[in-house]
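The report below goes through one model, element by element and then strand by strand. Please keep the sequence and the coordinates open while reading.

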Number of protein chains: 2
Amino acid sequence: MDAPGNWLVATDTLLLAAQLVDAIQEGVARRGFADVRPAHGFAFVCISGGDATIADVGEYLGITKQAAAQLVRQLEERGYVTRRPHPLDARASLLGLTARGAACTRAAEEAAADAVERWRAQLGAARFGHLQQALRAVVRPGPLRPAW
Amino acid sequence: MDAPGNWLVATDTLLLAAQLVDAIQEGVARRGFADVRPAHGFAFVCISGGDATIADVGEYLGITKQAAAQLVRQLEERGYVTRRPHPLDARASLLGLTARGAACTRAAEEAAADAVERWRAQLGAARFGHLQQALRAVVRPGPLRPAW
DNA sequence: GAAAAGTAGACAGTTTGCTTGTCTAAATAG
DNA sequence: CTATTTAGACAAGCAAACTGTCTACTTTTC
């Protein structure tokens, strides 16, 4: 029941994710976006989908509306996000990425791709494919919370 | 260069790690340890190694000595950790796990093993073995910081 | 062996990211 | 038209991190 390898797999997973986050963070900063945190990047993903509101961002990140509002305000002040009135609901605002926001999203994707590319190089195409498949199979879709 | 699958692999990795953290946290709480956070668990790993000081914990977790001191104080108050004088250095204290601390560590390992066991069940032995191997191959040893 | 420099950890204050609670204005259901 | 829900703002509070400063002890250097 208590397969000894399982704990090792767990720590490897956590360690790998932590290193990936660090690599993305570092790569994004190196590309000129030093004032964004990982959670901001995840918010970008949600916002770039188009037509997201503050409440949507909150639900996506698994935080309260208030926390999401604060996060969006920061991104607005820093020039990553704009708000325009919702055409159908005068209470709400629709969020959108500025050019800088889109550039930052691209930087994050590039940094992530670079890091993952190293995995591919280390594993070779076949084993990398297995990894890719296995991840897809065990992960459940859900919000990308900046947990722990 | 910009392999489209890479970003997906990255988000799957992050998502999987977040879900794993949640599962461990939930399993540990269900086993009777509701007052510990993930970072505490990582501190236990460091402390259970034996002969760790507060500064060691701080370095291991990638936080300042002050933050580590506060964390250790909480764990002491909650009965997970003890301090004894350092035999060679009157300034320092050596940390150790109490029985409760050891039990909590075991609970975390069990919860993690349970979560990973689900992966094994979903993948089958062969594909799980590939995952295990691939993780081992790409992860670099390092401190298990509660990053992001 | 004494003076200088470094280190372990405590104490105090500040920042930050999140929380709950309350409020408004607008939308929707009856 | 009234009652309920909802989007988001405002305020206060909490907790985990940070920096800065201090004391006591060790280690290094002369």
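## Helix 4 of chain B

In this predicted model, helix 4 of chain B is followed by B:Gly79, which has a positive phi near 85°. The helix itself has 13 residues. From its first C-alpha to its last it reaches 18 Å, close to the 18 Å expected at 1.5 Å a residue.

Which residues of helix 4 of chain B are buried? They are B:Ala68, B:Leu71, B:Val72 and B:Leu75. Seen down the axis of helix 4 of chain B, the buried residues fall within an arc of 95°, so they line one face of the helix.

## Surface near DNA strand D

DNA strand D is surrounded by 20 residues, and the closest are A:Lys65, A:Arg91, A:Ser93, B:Thr64 and B:Gln66. Of the atoms of DNA strand D that come within 4 Å of the protein, 65% belong to sugar and phosphate.

Helix 4 of chain B gives the most to the surface near DNA strand D, with 4 residues. The elements that each supply at least two residues are helix 3 (54–61) and helix 4 (65–77) of chain A, together with helix 4 (65–77) of chain B. By residue class, the surface near DNA strand D divides into 7 nonpolar, 7 polar and 6 charged residues.

An N or O atom in the side chain of A:Arg83 is 3.0 Å from a phosphate oxygen of DNA strand D. For the side chain of B:Thr64, the distance from an N or O atom to a phosphate oxygen of DNA strand D is 2.7 Å. The side chain of B:Arg91 has an N or O atom 3.4 Å from a base oxygen of DNA strand D.

How many residues are around DNA strand C, and which come nearest? There are 21, and A:Thr64, A:Gln66, B:Lys65, B:Arg83 and B:Arg91 come nearest. Sugar and phosphate make up 59% of the atoms of DNA strand C that come within 4 Å of the protein.

A:Thr64 has a polar side-chain atom 2.7 Å from a phosphate oxygen of DNA strand C. Two further side chains are found at base nitrogens: an N or O atom of the A:Arg91 side chain is 3.4 Å from a base nitrogen of DNA strand C, and a polar side-chain atom of B:Lys65 lies 2.7 Å from a base nitrogen of DNA strand C. Two or more residues of the surface near DNA strand C come from each of helix 4 of chain A, helix 3 of chain B and helix 4 of chain B. Helix 4 of chain A has the largest share, 4 residues. The residues of this surface divide into 8 nonpolar, 7 polar and 6 charged.

## Chain A as a whole

Chain A contains 5 helices and 2 strands, which run α-α-α-α-β-β-α from the N terminus on. The C-alpha trace of chain A spans about 55 × 35 × 25 Å along its principal axes. Chain A has 148 residues, of which 44% count as buried. Among contacts in chain A with a separation of 6 or more, 53% are between residues 24 or more positions apart.

Helix 1 of chain A (residues 4–30) has 27 residues, which should span 39 Å at 1.5 Å a residue; the end C-alpha atoms are 40 Å apart, which agrees. Just after helix 1 of chain A, A:Gly32 takes a positive phi of about 105°.

## B:Gln19 and chain A

B:Gln19 is found in helix 1 (residues 4–30) of chain B. Is B:Gln19 buried or exposed? At 16% relative accessibility, B:Gln19 counts as buried, because buried means under 20%. Apart from neighbours within four places in sequence, B:Gln19 is in contact with A:Val139, A:Arg140 and A:Pro141.

Key: Residues are numbered from 1 along each chain as its sequence is written. Chains are lettered from A and ligands numbered from 1 in the order in which they are written. This is a predicted model: local features need pLDDT of at least 70, side-chain atom pairs count only at pLDDT 80 or more; totals for chains, interfaces and linings use all residues. Side-chain values use heavy atoms; hydrogens and water are left out. A residue is near a molecule or strand if one of its heavy atoms lies within 4 Å of it. A polar contact is a pair of N or O atoms within 3.5 Å; within protein, one must be able to donate a hydrogen and the other to accept it, and residues adjacent in sequence count only if both atoms are side-chain atoms. Ala, Val, Leu, Ile, Met, Phe, Trp, Tyr, Cys and Pro count as nonpolar, Asp, Glu, Lys and Arg as charged, and the others, Gly among them, as polar. The expected span of a helix is 1.5 Å times one less than its number of residues. Buried means under 20% relative accessible area, exposed over 50%, partly exposed in between (1.4 Å probe, protein chains only). The arc is that of the directions from the helix axis to the C-beta atoms. Contact means heavy atoms within 4.5 Å.
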